[in-house]
Amino acid sequence: TPFLVHATRFLKNGGRLAMVVPAEINHASYAQPLVRYFLQKFETIKLIAFRKRIFPDLNQDTYCLLASGYGQKCKQFSLIISDSALSLTDLDLNSGITVDIGALRDGRYRIIMYMLSHEARALYTQLAQANCVYRLGDIADIGVGYVTGANQYFHLSRSEVHLHRIPKTLLKPAVRSGRQLKGIRFTPSDWLSSE
């Protein structure tokens, strides 16, 4: 986030910015102030999501952020979904899903909502307004603990721990993926069976 904000300081009025950004821009809590900042600073924003990873060896999905008209409030925000970065030269930048700028600005939606079909978004909106429905975030604390970008390096197997003689005092248990979670509780026995 600080890097992207700093990058805008090099632009003249009307300038453009193109960056490869982590996919977390579409949903992470820490990205929301950045999105609102860009809505205040760029007239047009296009976010290109890729079905196939740009960097296959990196444990990180990435998007391409294209912003133009620096110095003006956002009038157009679109999300474009592409098969891969190889198709960028054939991509119609005027296509894509129109994002509700007001809903992003006031926090009603995050960009990830626009990855859903129109019908799924309409159902979500309907359910969100129902008195009998609660957001998971209202009853539980949900969040990304950390992002490594290199899970194989930072998450060691038992054999790697033994090979390198790493003391247990330096190790911390970590859930690498939601696939490790099988129910509403995660116990020490679940931990041992997930390794």
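The model is predicted, so to speak of local features a pLDDT of at least 70 is needed, side-chain atom pairs count only at pLDDT 80 or more, and totals for chains, interfaces and linings use all residues. Residues are numbered from 1 along each chain as its sequence is written, and side-chain values use heavy atoms, with hydrogens and water left out.

### Overall layout

Let us start with the fold as a whole. The protein has 8 helices and 5 strands, taken as DSSP runs numbered from the N terminus (helices: H or I, at least four residues; strands: E, at least two). Following the sequence, the pattern is α-β-α-β-β-β-β-α-α-α-α-α-α. The C-alpha trace spans about 55 × 45 × 30 Å along its principal axes.

Contact here means heavy atoms within 4.5 Å. Among the contacts with a separation of 6 or more, 64% link residues 24 or more positions apart.

### The nonpolar cores

In soluble globular proteins, nonpolar side chains tend to be buried together. A nonpolar core is a set of buried Ala, Val, Leu, Ile, Met, Phe, Trp, Tyr and Cys residues joined through side-chain atoms within 4.5 Å. In the largest such core, which has 35 residues, Phe38, Ile45, Leu47 and Phe77 touch the most other members. At least two residues of this core come from each of helix H1 (2–8), strand E1 (17–22), H2, E2, strand E3 (62–70), strand E4 (76–82) and helix H3 (101–105). Helix H2 supplies the largest share of this core, 5 residues. Apart from this core lies another, of 5 residues, including Ile48, Phe50, Cys64 and Ile80.

Helix H2 deserves a look of its own. Its buried residues are Gln32, Leu34, Val35, Tyr37, Phe38 and Leu39, and they pack against H1, E1, E2, E3, E4 and H3. Take Phe38: leaving aside neighbours within four places in sequence, Phe38 is in contact with Leu4, Thr8, Leu17, Ile45, Leu65 and Ala67. Thr8, which sits in helix H1, counts as buried because its relative accessibility is 0%. Not counting residues up to four places away in sequence, Thr8 touches Leu17, Tyr37, Phe38, Phe42 and Tyr70.

### The cavity

Rolling a probe the size of a water molecule over the atoms shows where empty space is left. On a 1 Å grid over the protein atoms alone, a cavity is a set of points where a 1.4 Å probe fits but cannot get out, and lining residues have an atom within 4 Å of a point. Grid points are joined across faces, edges and corners, and a volume is the space filled by probe spheres set on the points.

The structure holds 1 cavity of 30 Å³ or more, and the largest cavity has a volume of about 60 Å³. Lining the largest cavity are Ile25, Leu34, Val35, Phe38, Ile45, Leu47, Leu65, Phe77 and Ile111. Helix H2 (32–41) and strand E2 (42–50) are the elements that give two or more residues to this lining, and H2 contributes the largest share, 3 residues. By class, the lining has 9 nonpolar, no polar and no charged residues, where Ala, Val, Leu, Ile, Met, Phe, Trp, Tyr, Cys and Pro count as nonpolar, Asp, Glu, Lys and Arg as charged, and the others, Gly among them, as polar.

Val35, one of these lining residues, is found in helix H2. Apart from neighbours within four places in sequence, Val35 is in contact with Ile25, Leu104 and Ile111.

### Pairs across the sequence

Here are some C-alpha separations to trace in the viewer.

| Pair | Apart in sequence | C-alpha to C-alpha |
|---|---|---|
| Val35 and Thr1 | 34 residues | 9.5 Å |
| Gly102 and Cys74 | 28 residues | 9.9 Å |
| Ala130 and Gly69 | 61 residues | 39 Å |

Val35 counts as buried because its relative accessible area is 5%. Gly102 is found in helix H3 and is partly exposed, with a relative accessible area of 30%. Ala130 lies in the loop between helix H4 (118–128) and helix H5 (136–139), and at 26% relative accessibility Ala130 counts as partly exposed.

Notes: On a 1 Å grid over the protein atoms alone, a cavity is a set of points where a 1.4 Å probe fits but cannot get out, and a pocket is an open set with protein on both sides within 12 Å along at least five of seven lines; lining residues have an atom within 4 Å of a point. Buried means under 20% relative accessible area, exposed over 50%, partly exposed in between (1.4 Å probe, protein chains only).
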